[in-house]
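Hi everyone, thanks for making time. I'd like to walk you through one model today, so please have a look at the screen.

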Amino acid sequence: MKDDPFFVGYAPMPRAWRALYGVVIVAFVAFFAAVGFMLGGNQDAPEAAGFRFDYGRQTVTGVIEMSPYPILHVTEGTERIPAGRSLLMSGQGKTGIDTRLAPMEGQLATVSGVPLERGTIDALQVRGGQRGVAPAEGTAPDIPVEDLGRWRLAGEICDGKCLVGAMRPGRGLAHKACANLCILGEVPPVFVSSQPVEGTDFMLITGPDATPLPVEAYDRIGQFISLEGQLERRGDLLVLRMDPTTMELLP
């Protein structure tokens, strides 16, 4: 027995065991790599999202709408933001720009900032001061509105800035806290549907009759819920006017 190889932590590994341990380690790494590959391959690929600093600062003209969160319906765009797009707007950090835009509601304005993109939803972080927003000459055209009826949807309420790519806190408490702070700061809230609706997973969410997000909804931000509401298309943006009495937490 004294000649049998025996492993001691502080001593060199016996030569007879080295090949066996090498095979075990390679098999162990290969097994977990295969498991990770299979799990990842079964997940939906996340859509590219984030600030488009590569576009440079964009300056566009459009109609300001507060419904009740600021939207810019672009009438004169750029190569990156064409006319016809409807942009959510926010200030820098976790702040909205409602007070800056409210006096120009229903009018043409020139707006400058950094775009954010995710899937079918676009946003603009507006520059500070008068360089960010200024009245534009001309008559504002009517915004096309299409009533899509009442829907029952499952999904998650998020803020329309971090969701579109400003931050990626993931899930759980950090995600919920980040979204709550943004929405409390008047960043437009967004409902992320678990299934595409009218060709998109994202829609601006408001209270009934285009009121701000109801207080009851704040406890459910960042959680998987179902709710009912009236859906409409304003420009090329879907807007869900939720009924807070229909909210249910889903497992």
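I'll go through the cores, then a strand and its partners, then the salt bridges, and end with a surface patch.

A word on the basis before we start. This is a predicted model, where local features need pLDDT of at least 70, side-chain atom pairs count only at pLDDT 80 or more, and totals for chains, interfaces and linings use all residues. Residues are numbered from 1 along each chain as its sequence is written, and side-chain values use heavy atoms, with hydrogens and water left out.

Let's begin inside. By a nonpolar core I mean a set of buried Ala, Val, Leu, Ile, Met, Phe, Trp, Tyr and Cys residues joined through side-chain atoms within 4.5 Å. Buried is under 20% relative accessible area, exposed is over 50%, and partly exposed is in between, with a 1.4 Å probe and protein chains only. The largest nonpolar core has 35 residues, and those touching the most other members are Ile157, Phe191, Met203, Ile205, Leu213, Leu227 and Leu240. Several elements supply at least two residues each, including strand E8 (145-159), helix H4 (173-184), strand E10 (200-206) and strand E12 (237-249). E12 gives the most, six residues. These labels are DSSP runs numbered from the N terminus: helices (H or I) of at least four residues, and strands (E) of at least two.

Which residues does leucine 213 touch, leaving aside those up to four places away in sequence? They are Tyr69, Ile157, Ile183, Pro189, Ile205, Gly207, Tyr218, Ile221 and Met242, where contact means heavy atoms within 4.5 Å. Apart from this core lies another, of 16 residues, with Val60, Leu101, Leu124 and Val133 among them.

Now to E10. Six of its seven residues are buried, so the strand is mostly covered. E9 and E10 pair antiparallel over four bridges; two strands pair if DSSP finds at least two bridges between them. Valine 197 has threonine 200 in E10 as its bridge partner. Their hairpin has two residues between the strands, and there glutamate 198 takes a positive phi near 50°. E10 also runs parallel to E12, joined by three bridges, and threonine 206 has arginine 241 of E12 as its bridge partner.

How many salt bridges does a search of the whole structure find? There are 13, each one a side-chain nitrogen of Lys or Arg within 4 Å of a carboxyl oxygen of Asp or Glu. Glutamate 232 meets arginine 241 in one of them, at 3.2 Å from N to O, and meets arginine 234 in another, at 3.0 Å. Glutamate 232 counts as buried at 11% relative accessibility, and arginine 234 is buried too, whereas arginine 241 is partly exposed at 24%.

Another pair is arginine 152 and glutamate 228, with their closest N and O atoms 3.1 Å apart. Arginine 152 sits in strand E8 and glutamate 228 in strand E11, so this bridge ties together parts that are 76 residues apart in sequence. Both are partly exposed, arginine 152 at 41% and glutamate 228 at 22%.

Finally, the surface. Leu20, Tyr21, Val24, Ile25, Phe28, Val29, Phe31 and Phe32 make a nonpolar patch of about 830 Å². Phenylalanine 31 belongs to helix H1 (residues 15-41). Patch residues have over 30% relative accessible area and no salt bridge, with like charges joined within 9 Å and nonpolar side chains (Val, Leu, Ile, Met, Phe, Trp, Tyr) within 5 Å. Areas come from the Shrake-Rupley method with a 1.4 Å probe, and for residues only the protein chains shown count as cover.
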